[in-house]
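Here are my notes on the model, point by point. Please read them with the structure open.

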Amino acid sequence: MALFDRTSKIGFIGAGVVGGSLGVCLSRAGYRVAAVGSRTSASARRFAERIDGCRAYRTAQEVADAAQLVVISTADDTIRSVAEGMTWRAGQVVVHCSGAMSLDVFQHPVSQGAVAGALHPLQVFSSVENGVDSIPGTTFGIEGGPEMRTALADIARVIGGRPVFLNAADKALYHLSGVMMGNLLTCLAATAAQLWEQCGYSRAEGVEALVSMMRGVVNNLERSGVPGAVAGPYVRGDLGTIRKHIETLATRAPEVLPLYRELARAAVPFGVEKGALSPGTARQIEAILKSPEA
Ligand SMILES: NC(=O)c1ccc[n+]([C@@H]2O[C@H](COP(=O)([O-])OP(=O)(O)OC[C@H]3O[C@@H](n4cnc5c(N)ncnc54)[C@H](OP(=O)(O)O)[C@@H]3O)[C@@H](O)[C@H]2O)c1
């Protein structure tokens with residue numbers, strides 16, 4: 001017998017942005033999102049109001065009792081304690097949405113006969129509305145046994161996602177790649193935009209100018225991949241420009257210099273791989289980037 005199908009009742013524990021977005025998408029795709037519970041009853045009610053046939057419950061146990069598939073979409077640090085605070089049925093399915101946590105957080109449900117999995121959307125969620133819009137096209141990192149993988153991959157595909165399967169040992173690395181893109185890229189953009197304040201413009205004007213460039217970067221990556229899309233003075237071998245960058249940062253924004261040096265060094269091997277940079281020029285760039293001042 002399958003672990004669950006579209007007729008199975010689904011319950012969410014944790015009515016935040018990820019739970020809310022998945023709940024709406026699953027319901028629209030024809031799955032029965034029947035139960036929700038959260039730390040506060042206000043969040044659970046808001047979740048239930050978005051989904052026909054969904055009922056808000058007061059406790060996590062009531063949600064689990066009402067559902068075959070239980071999605072624990074609380075913050076990472078509480079997944080284990082939420083699961084440990086409940087009684088599970090044999091054959092019941094428990095899934096979390098964390099990219100960093102593995103399935104060891106579900107030792108308690110598994111010891112009671114439940115089947116554990118993880119379904120992590122590799123996406124940045126800021127609200128349920130934005131989350132619902134961004135799910136189509138999103139990659140979902142899936143963990144679990146063969147049956148679980150098949151069932152969760154079906155869910156991911158039905159809501160427009162692209163499933164990939166992960167081993168526990170690779171999970172943190174996978175998650176880190178998403179954090180570098182979804183979170184640290186934003187920090188890089190914020191740092192770059194802040195430099196505009198020194199040119200007589202506001203940070204917001206910097207963001208406006210750079211966002212359009214970011215779209216270009218995304219298009220180039222989609223069309224040309226790596227190393228094709230990697231560009232700039234490190235790929236062209238513009239030694240004078242790189243020296244000027246370092247001198248300028250050293251005097252006008254020294255706090256940005258270490259970040260610049262490391263990112264620029266990361267670009268050099270891609271320039272060589274692309275065939276645009278000779279190994280000799282690559283060594284010269286490395287030397288300039290390592291020097292205390294250009
Ligand atoms: N945000 C992202 O971009 C993103 C992307 C991919 C995956 N994820 C993963 O998705 C999961 C949820 O993240 P999120 O961003 O949706 O977090 P979130 O918006 O902060 O939502 C977490 C929800 O869990 C509820 N909660 C907290 N403790 C609880 C408890 N003990 N019992 C029941 N409910 C509890 C909170 O309830 P109240 O609202 O009632 O206080 C909140 O609604 C995490 O595992 C996270 O790593 C997040």
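1. In which helix do Glu262 and Arg265 both lie, and how many residues apart are they? Both are in helix α12 (residues 257-274), three residues apart, or about one turn of the helix. Bear in mind that this is a predicted model.

2. Glu262 and Arg265 form a salt bridge, with their closest N and O atoms 3.5 Å apart. Arg265 also meets Glu286 in a salt bridge, at 3.9 Å from N to O. Arg265 sits in α12 and Glu286 in helix α13 (residues 279-290), so this second pair ties together parts 21 residues apart in sequence.

3. A search of the whole structure gives six salt bridges. One of them joins Lys171 to Glu143, with 3.0 Å between the closest N and O atoms. The pair links distant parts of the chain: Lys171 belongs to helix α8 (residues 171-194), Glu143 to strand β7 (residues 139-143), and 28 residues separate them. Lys171 is buried, at 1% relative accessibility. Glu143 is buried as well, with a relative accessible area of 4%.

4. Look next at helix α2 (residues 41-50). Its buried residues are Ser43, Ala44, Phe47 and Ala48. Seen down the axis of α2, they fall within an arc of 130 degrees, so they line one face of the helix. Their cover includes β1 (9-13), α1 (17-28), β2 (32-37) and β3 (55-56).

5. Three aromatic pairs turn up in the whole structure. One of them is Trp196 with Tyr201, edge-to-face, with 5.7 Å between centres and 70 degrees between planes. Trp196 is partly exposed, at 28% relative accessible area. Tyr201 is also partly exposed, at 45%.

6. Now the overall layout. The protein has 13 helices and eight strands. The domain assignment gives domain 1 (9-166), domain 2 (172-218) and domain 3 (230-294). The C-alpha centres of domain 1 and domain 3 are 45 Å apart. The C-alpha trace spans about 65 × 40 × 30 Å along its principal axes.

7. Of the 294 residues, 40% count as buried. The accessible surface is about 15,400 Å², and carbon and sulfur atoms hold 55% of that. Among contacts with a separation of 6 or more, 56% join residues 24 or more positions apart.

How values were computed:
Residues numbered from 1 in each chain as written. Predicted model: local features only at pLDDT ≥ 70, side-chain atom pairs only at ≥ 80, totals over all residues. Heavy atoms only, no water. Buried < 20%, exposed > 50% of the residue type's maximum accessible area, 1.4 Å probe, protein only. Helix = DSSP H or I, 4+ residues; strand = E, 2+ residues; numbered from the N terminus. Arc of directions from axis to C-beta. Contact = heavy atoms within 4.5 Å. Domains from an automatic or database assignment. Phe/Tyr/Trp six-rings, centres within 6.5 Å; stacked < 30°, edge-to-face > 60°. Areas by Shrake-Rupley, 256 points an atom, 1.4 Å probe, with all protein chains shown as cover. Salt bridge = Lys/Arg side-chain N within 4 Å of Asp/Glu carboxyl O.
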